[in-house]
Amino acid sequence: MKEYQKLLILIFIFLFAYFMPIEKANFKESLISSFYMLKIYAREHILFCLIPAFFIAGAISYFVNKGAIMKYLGPEAPLILSYTIASVSGSILAVCSCTVLPLFGGIWKKGAGIGPATAFLYSGPAINILAIVLTARVLGLELGIARALGAVSFAFIIGLIMSFIFGKDESEVERTGFAPSFSDPPKRKPIKDLIFFLSLIFILIFATWGKPKEEIGFFNFVYNIHWYLTGFFLILLIYSIFAWFSKDERQGWVYETFSFVNLIFPLLLGGVLVSGFLFGVPGEGSGIVPASIIQKLVGGSSIFSNLFASVFGAFMYFATLTEIPILQGLLGLGMGKGPALTLLLAGPALSLPSMIVITSFMGRKKAFTYFALVIIMSTFVGFLYGNLF
Amino acid sequence: MKVEVLGPGCPKCKKLYENAQKAKEKLNEKIEVIKVENMPRMMELGMWSVPGIAIDDKLVSQGIVHSEEELLQIFKNHLKEARDGK
């Protein structure tokens, strides 16, 4: 860090301290709300939901052979297959936004073309596994499923439209296929990998199994034994990693998991604090932003409120996962569930910084078409969701 | 020999760049290690998985954070090939 940057930060901190309205009651309450929210996350979401999800993301990133997936995004792959793989593989190929752009460039210039590449560009940041899991946990299963389905079908449709508009002036691009990924041959039978991944996923599912409203039926039966099931799969997991995986692989997996935690966890905690401060804790304490403003802008599910959520989400930068506490706060203040879905569909996929980067190498015409498609379609889908469900 | 470490600034790319620097210092050869963060260059080289390494304008590896020792081996092999070629 340069000297003058340090000075600027000090000046900023000083000005904040000087003008901080600490004597105002609503400022005090917002500060308390901020830490209240942090405590709720620490108690309810981190141990049994986020930590297993981090291990899953680490496993996907370390063990899944990306070269095998890229085969379906190459120049010779059948188009329908390319679109489908591109729309869902965001959850597997990229958990961090910095890996999305090179993959996008590769698919566009060397592989299946602009359509599947744009599908991937959208699905990459929009449906990563951590985001879907935490959305379902914090904002409810319904919104989690709506987000996953919405993002996958969006990716597919946006890809098709982009290919329809720009596909024909692309024929001269030389599609040479991908450079090899230099991955090693499989080390064990696929069934062993499958058991490893399934035990990870079942640990997540059973550890977070919620108490059902009625104390009868299947869900309640599972709830009564969910810790035993979690324990069973934990033992299976431990057995499988020690019996079938090498020491290097175990270390690589843990290293990958930690690098996600390092990258994402501090940002999420920051997001939780900011959200608590701005919007308060639903049902417990208020934040600095009054509910009336939120209800006016994004309450209900009119075209206006959805469009507002869509444009706001598209320009605003949400670090991975921070959209979730922010939305939780907004929903608590009376945001409609239509605009909430709109924000989930437009928010993580686009931000002002990412727009600038995308424009610089896609060209203005293609990039602006892509942004417009995301904004319009998010608005429309949020509007339908808010009014139909 | 020109070594390009390619990646838009993720933690893995930084790690690989550090390892490449260390490997370079162990070899008493004329090696230039540069960090490339611009996307068009990565696309030109056909790279799609971060981080990547290109030697003399040719992609030699991607998607792997090589250790210092592995990089040393890669550099040595390349230098040997370049000499045999002449």
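The exercises below use a predicted model.

**Exercise 1. Compare the radius of gyration of chain B with the globule rule, and describe the fold of chain B.**

Step 1. Chain B has 86 residues, and for that number a compact globule would have a radius of gyration near 12 Å.

Step 2. The value for chain B is 12 Å, so it agrees with the rule.

Step 3. For the extent along the principal axes, take the box filled by the C-alpha atoms of chain B: roughly 30 × 25 × 15 Å.

Step 4. Chain B contains three helices and four strands. Read from the N terminus, their order is β-α-β-α-β-β-α.

Step 5. Of its 86 residues, 36% count as buried. Take next the contacts in chain B between residues at least 6 apart in sequence: 67% of them join residues at least 24 apart.

**Exercise 2. How are α10(A) and α12(A) oriented to each other?**

Step 1. Two packed helices are described by the angle between their axes and the distance between the axes.

Step 2. Helix α10 of chain A covers residues 190-207 and helix α12 of chain A covers residues 226-244; their angle is about 150° and their axes are 8 Å apart.

Step 3. Angles over 145 degrees count as roughly antiparallel. α10(A) and α12(A) are therefore roughly antiparallel to each other.

Step 4. Their crossing is left-handed. On the α10(A) side the contact includes A:I195, A:F196, A:S199, A:F202 and A:F206, and on the α12(A) side it includes A:L229, A:F233, A:L237 and A:W244.

Step 5. Sorted by class, the residues of this contact are 14 nonpolar, four polar and one charged.

**Exercise 3. Which orientation do α18(A) and α19(A) have to each other?**

Step 1. Helix α18 of chain A (residues 352-362) packs against helix α19 of chain A (residues 364-388) at about 140°, with the axes 7 Å apart.

Step 2. An angle over 145 degrees would count as roughly antiparallel, and 65 to 115 as roughly perpendicular. α18(A) and α19(A) are therefore oblique to each other.

Step 3. The crossing of α18(A) and α19(A) is right-handed. From α18(A), A:M355, A:I358, A:T359 and A:M362 take part in the contact; from α19(A), A:R364, A:K366, A:A367 and A:F371 do.

Step 4. This contact has five nonpolar, one polar and two charged residues.

**Exercise 4. Is helix α8 of chain A largely enclosed or open?**

Step 1. A residue is buried if 20 or more other C-beta atoms lie within 10 Å of its own.

Step 2. The buried residues in α8(A) include A:I129, A:L130, A:V133, A:L134, A:R137 and A:V138.

Step 3. Nine of the eleven residues of α8(A), residues 129-139, are buried, so the helix is largely enclosed by the rest of the structure.

Step 4. Just after α8(A) comes A:G140, with a positive phi of about 105°.

**Exercise 5. Describe the side of chain B that touches chain A.**

Step 1. In this contact, 18 residues of chain B meet 20 residues of chain A.

Step 2. Two elements of chain B give two or more residues to this side: α2 (39-44) and β4 (58-62). The largest share, four residues, comes from α2(B).

Step 3. By class this side of chain B has twelve nonpolar, six polar and no charged residues.

Definitions and conventions: Residues numbered from 1 in each chain as written. Chains lettered and ligands numbered in written order. Predicted model: local features only at pLDDT ≥ 70, side-chain atom pairs only at ≥ 80, totals over all residues. Rg over C-alpha atoms; globule rule 2.2 N^0.38 Å. Buried ≥ 20, exposed ≤ 12 C-beta atoms within 10 Å, placed from the backbone. Contact = placed C-beta atoms within 7 Å. Axes fitted to C-alpha atoms, helices over the stretch in contact; angles between N-to-C directions. Parallel < 35°, antiparallel > 145°, perpendicular 65-115°, else oblique. Left-handed = near helix turned anticlockwise from the far one by under 90°. Nonpolar A, V, L, I, M, F, W, Y, C, P; charged D, E, K, R; others polar.
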